[in-house]
Amino acid sequence: MDCIKKWKYTSKHAYSNINRLLIKGATGLSINALKKERGDAKVALDLLTSQEQEKYKQLEQKVIAYIEANFDYQLIKALLTGKEIKFIYQGAMQDDKLTIS
């Protein structure tokens, strides 16, 4: 995912954190649990079933869109895992621009 390089929130661990999130989303297992259950592999993707690989690709496309929209990691994680998302409005409303009928 080249988009991680240009991501506003990139870090030296960004790629591995996103990969862990995608593996967990596709399999329900952490990378360590996956390797323990299915055997060790240099690349965790090699341990995925074809169905899990398809799920991984679907999630990856979502993550690419989220990264390109500059969502931070916590928001991406919440969107992929179904966790609660809380938004805090930090702008000021101007009454002259708000019309309620």
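Visitor: Which residues in H2 meet which residues in H5?

Guide: Bear in mind that this is a predicted model. On the H2 side the contact involves Asn 17, Ile 18, Leu 21 and Leu 22, and on the H5 side these meet Tyr 73, Ile 76, Lys 77, Leu 80 and Thr 81. Sorted by class, the contact of H2 with H5 has 6 nonpolar, 2 polar and 1 charged residues.

Visitor: How is the geometry of such a pair described, and what angle do H2 and H5 make?

Guide: Two packed helices are described by the angle between their axes together with the distance between those axes. Here H2 and H5 pack at an angle of about 10°, and their axes lie 11 Å apart. Because angles under 35 degrees count as roughly parallel, H2 is roughly parallel to H5.

Visitor: Within that contact, is Leu 21 buried or exposed, and which residues does Leu 21 touch?

Guide: Leu 21, which is found in helix H2, has a relative accessible area of 8% and is therefore buried. Leaving aside neighbours within four places in sequence, Leu 21 is in contact with Tyr 73, Ile 76, Lys 77, Leu 80 and Thr 81. Leu 21 and Ile 76 are 55 residues apart along the chain, yet their C-alpha atoms are separated by 9.2 Å.

Visitor: Turning to the largest pocket, how much space lies in it, and which helices supply its lining?

Guide: The largest pocket holds about 190 Å³ of space. Helix H2 (14–27), helix H3 (31–38) and helix H5 (73–81) each supply at least two residues of the lining, and H2 gives the most, with 5 residues. Leu 21 is one of the lining residues, and others among them are Asn 17, Arg 20, Ile 31, Tyr 73 and Lys 77. By class, the lining of the largest pocket divides into 3 nonpolar, 5 polar and 4 charged residues.

Visitor: Is Asn 19 buried or exposed, and what does Asn 19 touch?

Guide: Asn 19 lies in helix H2 and is buried, since its relative accessible area is 17% and the cut-off for buried is under 20%. If residues up to four places away in sequence are not counted, Asn 19 touches Ile 31 and Tyr 56.

Visitor: Where is Ile 4 placed, and which residues are in contact with Ile 4?

Guide: Ile 4 belongs to helix H1 (residues 3–6) and is buried, with a relative accessible area of 5%. Apart from its neighbours within four places in sequence, Ile 4 is in contact with Thr 10, Ala 14, Tyr 15, Ile 18 and Ile 67. Ile 4 and Tyr 15 are 11 residues apart in sequence, and the distance from C-alpha to C-alpha is 6.7 Å.

Visitor: What is phi of Asn 70, and where is Asn 70 placed?

Guide: Most residues other than glycine have a negative phi. Phi of Asn 70, by contrast, is near 60°, a positive value in a residue other than glycine. Asn 70 is placed in the loop between helix H4 (50–68) and H5, and is partly exposed, with a relative accessible area of 34%.

Visitor: Finally, how many helices and strands does the chain have?

Guide: The secondary structure comes to 5 helices and 0 strands, and the pattern read along the sequence is α-α-α-α-α. Of the 101 residues in the chain, 28% are buried. Among contacts with a separation of 6 or more, 44% are between residues 24 or more positions apart.

How values were computed
Residues are numbered from 1 along each chain as its sequence is written. This is a predicted model: local features need pLDDT of at least 70, side-chain atom pairs count only at pLDDT 80 or more; totals for chains, interfaces and linings use all residues. Side-chain values use heavy atoms; hydrogens and water are left out. On a 1 Å grid over the protein atoms alone, a cavity is a set of points where a 1.4 Å probe fits but cannot get out, and a pocket is an open set with protein on both sides within 12 Å along at least five of seven lines; lining residues have an atom within 4 Å of a point. Grid points are joined across faces, edges and corners, and a volume is the space filled by probe spheres set on the points. Helices (H or I, at least four residues) and strands (E, at least two) are DSSP runs, numbered from the N terminus. Ala, Val, Leu, Ile, Met, Phe, Trp, Tyr, Cys and Pro count as nonpolar, Asp, Glu, Lys and Arg as charged, and the others, Gly among them, as polar. Axes are lines fitted to C-alpha atoms, for helices over the stretch in contact, and angles run from 0 to 180 degrees between N-to-C directions. Angles under 35 degrees count as roughly parallel, over 145 as roughly antiparallel, 65 to 115 as roughly perpendicular and the rest as oblique. Contact means heavy atoms within 4.5 Å. Buried means under 20% relative accessible area, exposed over 50%, partly exposed in between (1.4 Å probe, protein chains only).
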